[in-house]
Amino acid sequence: METTGSWVNMFDNMTSTQNSGSYNVTADLMAAEDGDPTKRFIKKTSDILMIVILAVILMSLGCTIEPTKLLQQIKKPVPVIIGMVLQFIVYPLTAFGFAHAFQLNKYDALGLLILATCPGGSLSNLITFYSSGDVCLSVCMTTFATTVAIGMMPLNLWVYSRSFITSTLTVPYVIIVISLVTILVPVAIGMVILKKLPKLATYILKAGGVLGMLFIVIILAINMYLYPGLFSSDWKMILLAIVLPCFGLSVGYAGSRIACLSHKQCRTIGIEVSSQNVALSTTLIYLSFETDDATKIVVFSLIFGVFSVTSLTIFTLLYRIYINCVTRKKKSLNENESKEKKENIYQISITIASQD
């Protein structure tokens, strides 16, 4: 593997000045990895805790998927294909355009491109569940995206990094396979529990719902504690971290509607496209670069992770509020209609009685 210095020198058309905000974040990263023992302990503990919680969440999602529905999804792959096109063609191309349009420095541009080539993460499955989306489709898309990423990640990186660098990145194939296994195994266990022990599946589903909300809160809290300098980064990075998840939601939904898919499927695809696998992108960066430069390149992945979780959570809350309002309105209309029918029946009975 080439040294990071040779990578950096190949960014001929990008500015070589690193913004002060990114330096603050780099200091936070170094403190979390090697410095403050409290932060190091919290990071290691949270990593283990997140694996356990995520396993239970994925198992609970598996408890909502019936094998027949999964088979139907595989037999009708149009939604999955649309999602893959948006995920691996439209999204990286858009990130490439943003890197040039915003004239990002060499570290931030590469961090943006690496993140944009990653598949969706497990967070999309959880958000889909809370947003009353198609969980079966979401799991299928995450599985297929993670599998397709084995080939599409190096291809996209080769295509879009050519204007910046002339070498290639080290793609963590083993990590991608491990990500695939960590998704499929808990989900498969949940599906088996649903078939064999439906009552237990109900309890696991409830536990997964509670842990899911806890998962989101813990992610945000830990990242804000470990990396307080994230919010002092360059405004371009923060703006892109806000825009990209919203773009993913919008293009995913719009592209699916053009293909005449249902609103439920469109919502699911939008969530999947907007949710990048931050853990995979950070792993790729640390495998490809020396620590000092990796901590600068990885900045965008961390910022994106915070704002992606935030934007998807806001989307879910707004959707739930909308659904509650619609449900209450329908209930109110039904009650009024029922009341009017009772009054009409009462009036008719009075009229008949008077005629008698």
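The legends below describe a predicted model, in an overall view and in several close-up views. Local features are given at pLDDT of at least 70 and side-chain atom pairs at pLDDT 80 or more, while totals for chains, interfaces and linings use all residues. Residues are numbered from 1 along each chain as its sequence is written, and side-chain values use heavy atoms, with hydrogens and water left out.

**View 1. The protein chain as a whole, with 15 helices and 0 strands.** Helices (H or I, at least four residues) and strands (E, at least two) are DSSP runs, numbered from the N terminus. Of the 356 residues, 49% are buried, that is, under 20% relative accessible area with a 1.4 Å probe, counting protein chains only.

**View 2. Thr268 within helix 12 (residues 263–274).** Thr268 is buried, its relative accessible area being 0%. A polar atom of the Thr268 side chain lies 2.8 Å from the backbone oxygen of Lys264. Beyond its neighbours within four places in sequence, Thr268 is in contact (heavy atoms within 4.5 Å) with Thr128, Gly133, Asp134, Leu137 and Ser138.

**View 3. The largest nonpolar core, of 50 residues.** Such a core is a set of buried Ala, Val, Leu, Ile, Met, Phe, Trp, Tyr and Cys residues joined through side-chain atoms within 4.5 Å. Leu112, Ile114 and Phe300 touch the most other members. Among the elements giving two or more residues to this core are helix 6 (106–116), helix 12 and helix 15 (299–355), whereas helix 5 gives the most, with 9 residues.

**View 4. Another core, of 26 residues, lying apart from the largest one.** Its members include Leu126, Tyr130, Val139 and Ile218.

Conventions. Polar contact = N/O pair within 3.5 Å; in protein donor to acceptor, adjacent residues only side chain to side chain.
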